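Dear colleague,

Please find the structure below, followed by an account of what was found in it.

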Amino acid sequence: MHIYCVHIDQLLDETLFQEMLQYVSPEKKEKIQRFRKPIDAVRSLLGDLIIRYILCKHYGFYNNEIGYGYQELGKPYLLQHPHLHFSISHSGDWVVGVVSNNLVGIDIEKITEVKEDLASLALCAEEHQKLQALHKMDQNPFFFKLWTLKESYVKATGTGLSEGLNTLEITIHQENISMKKNEKPIHAYFETMELQQKHQLSLCSLSKNLHRDMRLFLFNEFTEEVKSLLGMSKAIDTLLNQQ
């Protein structure tokens, strides 16, 4: 399992933005260019590039052979390599992505003030009681830990919000995290951590992973890595097409 996290510590200038766009599919490029806010375009672009970079670096892909299909509820998958699974998430200053041989989901959220209607939507009755019992300063981190854990699970299963987050119940005991739905245990494995700048990250795998590789990048570091690796992949593809 490979997890890459990119911290957006500066905005992408237009020249570099256009250069990075050449590494995604025409369909993705068109979608990215429709965003009104530059930060949303950058997040979407980085999410796609993270997955492409991991696949090329760790799985020996050429960038041009990476194509996506979509399940009924919208979960993307690799058309030519359905045995590999991936997930992307972004919030605030971070974009994260994961690729695994097992069904996997990742979610990151910036820790902000919790709205009561959101808490009611996401938490079951027992979790809501625990939230209300906490000191005010502890409520927001607690909520977003539960929120991201549940989101990571529904991303792994591909059910999305149709699952009903308040039908899922999380129990955290020290470093052990478990989940139930309608009182029945769910077989899944979870990790959770808080990244810099108050962002909560959670990961769910439906099978136990013995190996996990996690890397954190500053913005410029990652774009340089992309230009080096995906640029080489593109040059090789061009050469092969000329033969």
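The sulfur of C5 lies 16 Å from the closest cysteine sulfur, that of C204, which is too far for a bond. A disulfide is taken here as a pair of cysteine sulfur atoms within 2.5 Å, and a search of the whole structure finds zero of them. C56 is likewise in no disulfide, the nearest cysteine sulfur being that of C5, 19 Å away. C5 is buried, with a relative accessible area of 0%, and C56 also counts as buried, at 9% (buried means under 20% relative accessible area, exposed over 50%, and partly exposed in between, with a 1.4 Å probe and protein chains only).

This is a predicted model, in which local features need pLDDT of at least 70 and side-chain atom pairs count only at pLDDT 80 or more, while totals for chains, interfaces and linings use all residues. Residues are numbered from 1 along each chain as its sequence is written, and side-chain values use heavy atoms, with hydrogens and water left out.

The axes of helix α5 (residues 125-133) and helix α6 (residues 136-157) come within 9 Å and cross at roughly 155°. The two helices are therefore roughly antiparallel (an angle over 145 degrees). E127, K130, L131 and Q132 in α5 meet Q139, F142, F143, L146 and K150 in α6, contact meaning heavy atoms within 4.5 Å.

G74 is placed in the loop between β2 (68-70) and β3 (76-78) (strands are DSSP runs of E, at least two residues; helices are runs of H or I, at least four). G74 is partly exposed, with a relative accessible area of 38%.

Yours sincerely

Methods
Axes fitted to C-alpha atoms, helices over the stretch in contact; angles between N-to-C directions. Parallel < 35°, antiparallel > 145°, perpendicular 65-115°, else oblique.
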